[in-house]
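This briefing covers aromatic ring pairs and their surroundings in one protein model. Please look at the sequence and structure before reading on.

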Amino acid sequence: MNSNQEDKMQEIIESYLNDVMSKEERTAFEDKMQEDKALKEEVLICKALQESFNENDWHKLDRDEETLKTMKGNLRSSEFQNLSKMIRETEQTYLKTKSRKPKLSRRYAYLGIAASIILFISIVFPFMFNNTLGDYYNEYEDWGDIPSMTEKGAEGVLNIETLYASKKYGEIISYYETNTEATDVLEPYSLMKVGFSYFHNDQYKEALETFDVLIKLDSLESSRGYWYKLLVYLKEENAMKAKETLSIIISNKNNHNYKEAVVLSKKME
């Protein structure tokens with residue numbers, strides 16, 4: 001079956017499931033399902049998918065052909081079939097024992113619920129959480145937005161600026177760690193570059209500590225530290241810390257990237 005035929009068949013199946021066929025069309029389609037096992041299976045799969053989503057989510061899924069194919073594949077998989085069988089058997093056992101063994105029936109009810117949850121997660125989870133924290137990081141990372149010091153500054157500031165322009169992140173870290181007491185290094189834009197250097201070298205703990213120093217500075221740029229910490233948590237896929245940091249950012253409209261944080265917070269709800 002080519003793609004055009006598949007699309008046409010999908011439209012017919014949706015017409016059947018959405019009850020927009022005439023009585024004659026519906027009867028003819030049901031007769032065809034009795035003769036065509038593959039068609040009947042496809043209808044049952046589409047019905048299961050539709051019942052798993054609200055109307056808006058189903059329309060989104062229906063437009064995403066690759067995701068739809070993946071989920072149909074999941075429904076056809078042996079793992080799904082085994083779980084489906086397990087649920088049916090558990091339900092039957094529950095009904096048989098309900099009247100004569102209350103305690104045992106409750107146990108089977110719990111097993112049925114557990115199996116249903118596992119089944120739901122295995123099918124729906126990849127779609128509902130299509131965006132991972134890594135995806136959000138890729139969407140919102142803006143390290144290139146760190147400002148540069150163009151005017152003449154102290155020696156430490158100029159050293160970090162020069163090294164940063166040459167992407168010598170390891171040397172920036174070495175310089176910073178040997179000059180942590182120097183007040184000229186504790187300058188907002190320099191700290192941002194030091195924090196990014198740690199981040200670039202996968203030293204996330206040190207990056208977070210550096211951004212904490214930035215936050216504690218009495219500077220208009222201090223709130224950038226929260227945003228950069230958020231990027232680190234997204235990269236680490238630490239959802240709890242990412243949400244905590246987002247809450248801090250959106251608590252004050254004057255914080256750096258406040259609007260972006262509001263949008264991202266809603267996406268992660």
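The model is predicted: local features need pLDDT of at least 70, side-chain atom pairs count only at pLDDT 80 or more, and totals for chains, interfaces and linings use all residues. Residues are numbered from 1 along each chain as its sequence is written, and side-chain values use heavy atoms, without hydrogens and water.

**Ring pairs**
- Rings of Phe, Tyr and Trp (its six-membered ring) pair if their centres lie within 6.5 Å; planes under 30 degrees apart are stacked, over 60 edge-to-face, and the rest tilted.
- The count by this rule is 14 aromatic pairs.
- Trp 143 and Phe 196 form a tilted pair, because their ring centres are 5.2 Å apart and their planes stand at 50°.
- This pair links distant parts of the chain, 53 residues apart: Trp 143 lies in the loop between α8 (133-140) and α9 (155-165), and Phe 196 in helix α11 (residues 188-200); helices here are DSSP runs (H or I, at least four residues), numbered from the N terminus.

**Burial**
- Trp 143 is buried at 5% relative accessible area, where buried means under 20% (1.4 Å probe, protein chains only).
- Phe 196 is also buried, at 10%.

**Around Tyr 164**
- Tyr 164 is buried, with a relative accessible area of 17%.
- The charged end of Lys 193 sits over the ring of Tyr 164, 5.5 Å from its centre; this requires NZ of Lys or CZ of Arg within 6 Å of the ring centre and within 35 degrees of the ring normal.

**Cluster**
- One aromatic cluster has among its members Tyr 137, Trp 143, Tyr 164 and Phe 196.

Key. Helices (H or I, at least four residues) and strands (E, at least two) are DSSP runs, numbered from the N terminus. Buried means under 20% relative accessible area, exposed over 50%, partly exposed in between (1.4 Å probe, protein chains only).
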